[in-house]
Every structure is written in C-alpha cells, then in structure tokens.
Amino acid sequence: MKPKHQRLALAGAAVAALGIAAALALPALQDQAAYFYAPADVVAKGVAPGQAIRLGGLVEKGSLTRSADGLTIHFRVTDRLESVPVDYTGIVPDLFREGQGMIADGRFDANGTFKAETLLAKHDEKYMPPEVAKAVEKAEAAAKARPEKPTP
C-alpha cells in the first residue's frame with residue numbers, strides 16, 4: 001500500500017474511533033447535561049439519593065432556622081411551584097436570606113433532604129442567577145397553566 005493510502009486509512013480509522021467514543025459517551029452524559037435542578041424538576045424527575053446535583057431557587061420565606069451549633073441552617077428552597085428541604089453546615093454568605101435567590105451544590109439523603117456542600121447567594125438587589133430566574137419563570141408559567149383547585 002502506498003504511504004498516501006496508509007495515511008488516509010489511518011485518518012479514517014481515527015475519525016471512526018472518535019465517532020464511536022462520542023456515541024458511547026453522549027448517552028452517559030445526557031442526564032448530567034442538565035446539571036441544574038429547580039425544586040419542580042426534583043419533584044417531577046426524582047433525583048436518586050447520593051447523586052451530586054446543583055439545586056437552585058428562592059429561599060422560602062419563614063423556613064430559615066438555625067441549629068444551636070451556630071453553623072447549621074435548615075431552610076426550604078422553592079421555585080414558587082414546589083419546595084424542597086435543605087440543610088447546610090458552614091459559613092453562610094452575607095447576602096443569604098429568606099426570599100432571595102440561591103444555588104447550592106450537594107446531594108439528597110434517603111429522607112429527601114438536600115444536604116448542601118456549598119451555598120451561593122445572589123450578589124446584589126437586582127441579580128438572580130440565570131438558572132434560578134429561568135426555573136422560577138418556568139414554574140410560574142406552569143402554575144398559571146394548572147387549573148385552579150376548587151375550595152371546599
């Protein structure tokens with residue numbers, strides 16, 4: 001075989017190998033491509049305990065409590081459609097408070113409580129993380145689309 005044909009065959013084999021690798025890797029990464037979850041996504045999809053995710057939304061008003069140790073906080077994060085309980089142990093960002101946007105990295109435990117490992121709060125009066133803003137807008141649109149429940 002001529003050197004030109006050898007190089008062409010080698011290049012073709014390399015392209016085929018890359019295609020096979022991509023075909024195997026994409027399905028495995030598909031769930032992790034949507035790394036950010038809003039509370040409504042967690043409730044709808046169900047997240048396996050121990051799976052590392054990023055959870056974001058608004059700190060539900062009236063839900064923030066502190067433990068006696070001074071480092072652990074308990075609160076609920078909401079997207080105005082659903083809410084999930086969160087526990088965090090560590091130094092809380094200065095701007096973290098009820099009614100404000102936040103993002104936390106962590107894992108759900110077997111009881112359905114999100115155990116946050118890192119906690120981020122919005123940084124000024126008008127800022128909301130893009131993922132949180134999008135999730136809140138999506139939840140509000142879904143809430144408007146739901147038929148109202150009759151009151152007894």
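The legends below describe close-up views of a predicted model.

**View 1. The largest nonpolar core of the predicted model.** This core comprises 20 residues. Val42, Phe75, Phe96, Met102, Phe114 and Leu119 have the most contacts inside it. Two or more residues are contributed by each of strand E2 (52-59), strand E4 (72-78), strand E5 (83-89), strand E6 (101-108) and strand E7 (114-121). In soluble globular proteins, nonpolar side chains tend to be buried together.

View 2. Of the 7 residues of E4, 5 are buried, so the strand is largely enclosed by the rest of the structure. E2 and E4 run antiparallel and are joined by 2 bridges.

**View 3. The hairpin of E4 and E5.** These two strands run antiparallel and are joined by 7 bridges. Phenylalanine 75 is bridged to valine 86 in E5. Between the strands of this hairpin there are 4 residues, and arginine 80 adopts a positive phi near 75° in the hairpin.

**View 4. The surroundings of phenylalanine 75.** Leaving aside residues up to four places away in sequence, phenylalanine 75 touches Val59, Ser63, Leu64, Val84, Pro85, Val86, Phe96, Met102 and Leu119. One of these contacts, Val86, is also the bridge partner of phenylalanine 75 in E5. Phe96, Met102 and Leu119 are, with Phe75, among the residues that have the most contacts inside the largest core.

**View 5. Two aromatic pairs.** The structure holds 2 such pairs. In one of them, phenylalanine 75 and phenylalanine 96 are arranged edge-to-face, at 5.1 Å centre to centre and with 65° between the planes. Phenylalanine 75 belongs to strand E4 and phenylalanine 96 to the loop between E5 and E6, so this pair ties together parts that are 21 residues apart in sequence. Phenylalanine 75 and phenylalanine 96 are both buried. Phenylalanine 108 and phenylalanine 114 also form an edge-to-face pair, with 5.1 Å centre to centre and 65° between the planes. Phenylalanine 108 has a relative accessible area of 7% and is therefore buried. Phenylalanine 114 is buried as well, with a relative accessible area of 0%.

**View 6. Threonine 113 in the loop between E6 and E7.** Threonine 113 lies in this loop and counts as buried because its relative accessibility is 14%, below the 20% cut-off. Not counting residues up to four places away in sequence, threonine 113 touches Pro85, Val86, Asp87, Arg107 and Phe108. Of these, Phe108 takes part in an aromatic pair with Phe114, whereas Asp87 forms a salt bridge with Lys115.

View 7. The structure has 5 salt bridges. One of them joins the side chains of aspartate 87 and lysine 115 (2.7 Å, N to O). Aspartate 87 lies in strand E5 and lysine 115 in strand E7, so the pair ties together parts that are 28 residues apart in sequence. Aspartate 87 is buried, at 18% relative accessibility, whereas lysine 115 is partly exposed, at 36%. The side chain of aspartate 109 also meets that of lysine 115 in a salt bridge (3.8 Å, N to O). Aspartate 109 is partly exposed, with a relative accessible area of 21%. Through shared partners, Asp87, Asp109 and Lys115 are joined into one network.

**View 8. The salt bridge of arginine 107 and glutamate 117.** The side chains of arginine 107 and glutamate 117 meet in a salt bridge (3.4 Å, N to O). Arginine 107 is in strand E6 and glutamate 117 in strand E7, so the pair ties together parts that are 10 residues apart in sequence. Arginine 107 is partly exposed, with a relative accessible area of 35%.

Notes
Residues numbered from 1 in each chain as written. Predicted model: local features only at pLDDT ≥ 70, side-chain atom pairs only at ≥ 80, totals over all residues. Heavy atoms only, no water. Core = buried A, V, L, I, M, F, W, Y, C linked by side-chain atoms within 4.5 Å. Buried < 20%, exposed > 50% of the residue type's maximum accessible area, 1.4 Å probe, protein only. Contact = heavy atoms within 4.5 Å. Pairing = 2+ DSSP bridges. Phe/Tyr/Trp six-rings, centres within 6.5 Å; stacked < 30°, edge-to-face > 60°. Salt bridge = Lys/Arg side-chain N within 4 Å of Asp/Glu carboxyl O.
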